[in-house]
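Open the model in your viewer and keep the selection tool at hand. The tour goes from one selection to the next and says what is there.

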Amino acid sequence: MVSENDTSEKSDTSEKKVRVASLARRRHRVTRSLLALPLGWLVLFFLIPVSLVVAYSVGILETFTKEEGVSLETWRIFLTGENVYMLLFIKSFRMALIVAVVVVILAYPIAYFLAMIADKYKYSLLLLMIAPFMTNFFMRVMAWKVLLGRQGVLNSFLIWSGLRDEGNPIEGLAFGEIPVMIVLGYVWIPFVMLPMFAAMISMDRRLLEAAADLGASRWRAFWKVTFPLSLPGVVASFFFVFIPTIGEFVVPKLVGGTKGYMFGSAIDDLFGMGLDWRTGSVLSLWLVMAVFILALLFMRLVRFGRLAES
Amino acid sequence: MSDGRDPISRRDFVKLAGKGALVAGAMPAALAACGEDAPPETVVVTETVIEERIVTETETVIEEKIVEVEVPGEAPTTTMGMREAGLAAENGADLLIYAPPGREVPTQWPGYLGRFPHPQFAATAGSFASLGELQLGAIEPDIWNPCFAVFDTAVSEGLVQPWDTSLIPNFADLNPNLTAATSRDGNQYAIPLLYGLAIPIYRADLYTPKENSYSILFDEDLAGKVTWTDSAEWFVVAGKLPENNVANPLDPTEEELDRLVEFMKRKIRIVPAALYSDLATNQTDLATGNIVASYVAPTQWIELTKQGVDIAFITPDEGFIGFSCGYFLMADADQYYHAHEWVNAAVSVEAALTISNKFNFGNSNLKATAVDNPLLVDVMGLGDPAALDGVSLLDKMQNIDRLNDAWIEVKAAAGV
Amino acid sequence: MTASSSVTSEVGIHLKGITKTFGEVVAVDDVDIVIREGEFYSLLGPSGCGKTTSLRMIAGFEVPDTGRILLRDKDVSGDLPSKRNVNMVFQHYALFPHMNVEDNVMFGLRVSGVRKKERVQRVAEILEIVRLPGFQKRKPFQLSGGQQQRVALARALVNRPSALLLDEPLGALDVKLRREMQLELKAIQHDLGTTFVYVTHDQEEALTMSDRIAVMNLGRVEQVGTPREIYEHPESSFVAGFIGSLNAMDLKIQQRQDDTGGMTVGEGWVIARVDADVAVGTTLRAAVRPERIALGPAGAPAHPDGSVVVGTVEEVIYLGAMSLFHVDIPGLGQLVSQRMSHEDESAYRIGDRVSASWELAHTLVLE
């Protein structure tokens, strides 16, 4: 009796085990096929193109017969600063940093207002903020030329009002580093607002009540509670601007003039007019790596933020 | 042209190119010549084209009649049989011509339609951009119409093959300076169509040049009031200045190029705004006096003069820089005979006159002197085989990728 | 629970004629509440009764439309929350997620400028009291619900407020933990002697912990009293119904004698103490709590001097320590009797004919 019972129980459990295992396998298969799509995507649209660019950068592939051979020479020249592009990268990095910081600082109060104060009108106002950005990108950039150019609205007004002489308009607003940064900032502000808005809107309002209850003034509650909790949004916003700005080349082309030339402009030119895909590839890869490292940093920061929120 | 770039770049580039306002070609002055059919403002383009098409249809009918009469005596009898056989073996409707937008208007190749099927056209977005695309095999035309700063690269890379000039009766009428610049080792690799001089111009009421030289474009007194084009040909311009002491500005030595790069890095700071690729803005700036000196194709000088702007040009003591544009026969062209027929039509006297009258360029056909604008005859020396003697034709630039690299570094340095 | 020894006769919090409306809705309607210093005072009622709004007005998050709020005789009606010496424990704790336990608890001390050394010491002390010693460096997300609850409590108590306001603080905990925390909260309150104002919708919680309870309904205070008073002598059918279970019935007075009145039900009767002015023929609303109803053989009721009715057992629900008997009484309806499961009378089965009886004092006359 006893032994019979035992065996039946054993077979029962082993059957169960088998069933569980097959279930697990099936789940595994499903997971694997689910992974295939993004993986394939990654291979097709990232790894293969990047490998090609790597091949160009070391001379394995070339578009024009230059017979320079396979070497890291182009890398060496770039990394040792023998040509000007490392300096140009630093300049672009600096510009992107300034644009990102300024834009985040400017957008923060707007996001704060919309999320914390605007109450039931917040989404309508948000839409209003974004509405101008549904117009064509070039039109928006060109509008700045109209505003800031030598014969632009600003200068016309200054001359009309007698604040400046006819022959002496404010220069350097239509072209150069500053206009590039102004235009980029203008282009990015609404997008930058969104992550911060999202971070603030998802914040538990009772935390502010708790702070007030514990004696904190509004100012103190903002700095001790709202601000630290909106930091993940701030970080996200910062990178939203920083990453595209550092590789920007369209806006420099439109309003950069000779002084507003950026790292992205050089990549654009090297692949285009320069027919120098090798140097272009080195610069592109460097940019990809820089952005990648920053993105990692960014994800770490945001993850930290998420942990803090949960 | 942008395979190795990230998708955003490419998309933006396409947008840019599509806009037509900002073509980032390597040599916009030359590009101006190539894109002569596209007047500066996009809106105007369409109007012009439509207008021309209407004119064309009636003209074509007339041309057909003339051609029919002329054909029998046109080609030498020796190649006659081969030519006929060759044409018959091809499918002329497949003839693909890769040219700046506007070249598809039949008045620019009169006499071809009616005898042969309508060819196909694809629009280029600048000489160097199209060079890249051809090299990658992104497009496989029979005929390619760039400006010849790409000549050295195109020939060295084996992209193009020599024309059989015996199949191009009009070739005999072409300017020998231009045909010489586009031949190598006795092979005629290109058929020139038009040319221009890169002239320094200035507002005579606002400035008095110190000397007759391209040096006006590097004059620090004009800092902030000079425009350059976005092109490596500035090494040629700078190389022509006696102070830079370059033996052959069209092919500087490494040492000379290094010196030129330093010179250019110093001088680019006097350029206030953009290295223009937008002719309309440049013209407006000159008209308003925002810009006092510039470097243009004669086209713009003529247009500004027409507008009544007090504009003068300098005939540099060191000699002019010139450019020409025209037709390459692609190495793997499969409409060989139709290509020759078409090119012959495209450099005919009628075609040449159209080019000069519509766009104020010099034309390669020495017989096409009856242009509407007498200024053009004077300035460009139309019809004079010796007119381009001593002109540094950019067609003869060697190893231009070296110069392009150097040019991009100069621009990058200006930004640092 | 008996009243704790910390209760004094001094007035801690006084809500005087408070009314608060949100748009059209009257959340709090002319409420007067007096909470004594050191008292564990509960505001009890269903959701929307105005208890939380009242608490938030004491904290300062809402401003009353009319009336005044006095804290230790000082009118604070117009003061910001940060200026009031009361602290709140929020429903979902509202711990600062980006700060560790120590910084959370220290928040109020920092704001009021307590020196670092004292701050650290006070935090350690209060964490000891809420039984979280050594938890200083933990982040809130690393804590269980009960632990978060204690941190919230510590964060409020460390400021030594004149009163602690608790807004359904145990609502998010499971039943077992809630029971534990109830006792613990009560113990902490007892030890510290701080006035606790406790908002809950859970009548058992209120009965367990409170010195006094204000039962609220529709923005008004229905009754204030000790748990025993509230339970045993509900003054309205709402209070009676809200606190504990109830067998409600219409009592049509057929006979009067001294201070009692009654009616016959089949072969039995229901009697209650009634006021002198209640005439024969009046119908009153009456009730009896299930645990007061004793069961006995049909002919031998347990409380022959009180109310006695006879009926049939329809349902027996076993609850462990307790059992519920649903007895159908012809002419009266169903009565629920709650008995201890180990008692003899719990031997009755469905279909048994039984007498249900209770003492005179246990017939509650509600209106």
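Domain bounds, as used here, come from an automatic or database domain assignment. For chain C that assignment gives domain 1 (11–242) and domain 2 (247–365). Keep in mind throughout that this is a predicted model.

**Stop 1: the two domains of chain C**

Colour domain 1 and domain 2 of chain C separately. How many Å separate their centres, taken over C-alpha atoms? The separation of the centres is 40 Å.

**Stop 2**

Select strand β1 (residues 11–22) and strand β4 (residues 66–71) of chain C. These two strands are paired in the antiparallel sense, with 5 bridges. To find one spot along the pair, pick C:Thr19, which faces C:Thr66 in β4(C).

Together β4(C) and β5(C) make a hairpin, and 2 residues lie between the strands. Click on C:Arg72 in the turn: its phi is positive, about 45 degrees.

**Stop 3: where chain C touches chain A**

Show chains C and A together. The contact involves 18 residues of chain C and 19 residues of chain A. On the chain C side, the elements that supply two or more residues are β6 (86–89) and α2 (101–111). Of these, α2(C) gives the largest share, 3 residues. Which classes of residue make up this side of chain C? It has 12 nonpolar residues, 6 polar ones and no charged ones.

**Stop 4: chain A alone**

Hide the other chains. The secondary structure of chain A consists of 12 helices and 0 strands. Chain A has 310 residues, and 38% of them count as buried. For contacts in chain A between residues at least 6 apart in sequence, 68% link residues at least 24 apart.

**Stop 5: chain B alone**

Switch to chain B. This chain has 15 helices and 12 strands. Of its 416 residues, 52% are buried. Among the contacts in chain B with a separation of 6 or more, 76% are between residues 24 or more positions apart.

Zoom in on helix α11 (residues 298–306) of chain B. Which of its residues are buried? They are B:Pro298, B:Thr299, B:Gln300, B:Trp301 and B:Leu304. Step just past the end of α11(B) to B:Gly308, where phi is positive, about 85 degrees.

**Stop 6**

Bring back all the chains. In soluble globular proteins, nonpolar side chains tend to be buried together. In this model the largest nonpolar core contains 173 residues, and B:Ile143 and B:Trp342 have the most contacts inside it. The element that gives the most to this core is helix α3 (residues 85–117) of chain A, with 14 residues.

Select B:Ile143 and look around it.

A separate core has 107 residues, including A:Leu208, A:Ala211, C:Val221 and C:Ile329. Select those four to end the tour.

Notes: Residues are numbered from 1 along each chain as its sequence is written. Chains are lettered from A and ligands numbered from 1 in the order in which they are written. This is a predicted model: local features need pLDDT of at least 70, side-chain atom pairs count only at pLDDT 80 or more; totals for chains, interfaces and linings use all residues. A nonpolar core is a set of buried Ala, Val, Leu, Ile, Met, Phe, Trp, Tyr and Cys residues joined through C-beta atoms within 7 Å. A residue is buried if 20 or more other C-beta atoms lie within 10 Å of its own, exposed if 12 or fewer, and partly exposed in between; C-beta atoms are placed from the backbone. Helices (H or I, at least four residues) and strands (E, at least two) are DSSP runs, numbered from the N terminus. Two strands pair if DSSP finds at least two bridges between them. Two residues are in contact if their C-beta atoms, placed from the backbone, lie within 7 Å. Ala, Val, Leu, Ile, Met, Phe, Trp, Tyr, Cys and Pro count as nonpolar, Asp, Glu, Lys and Arg as charged, and the others, Gly among them, as polar.
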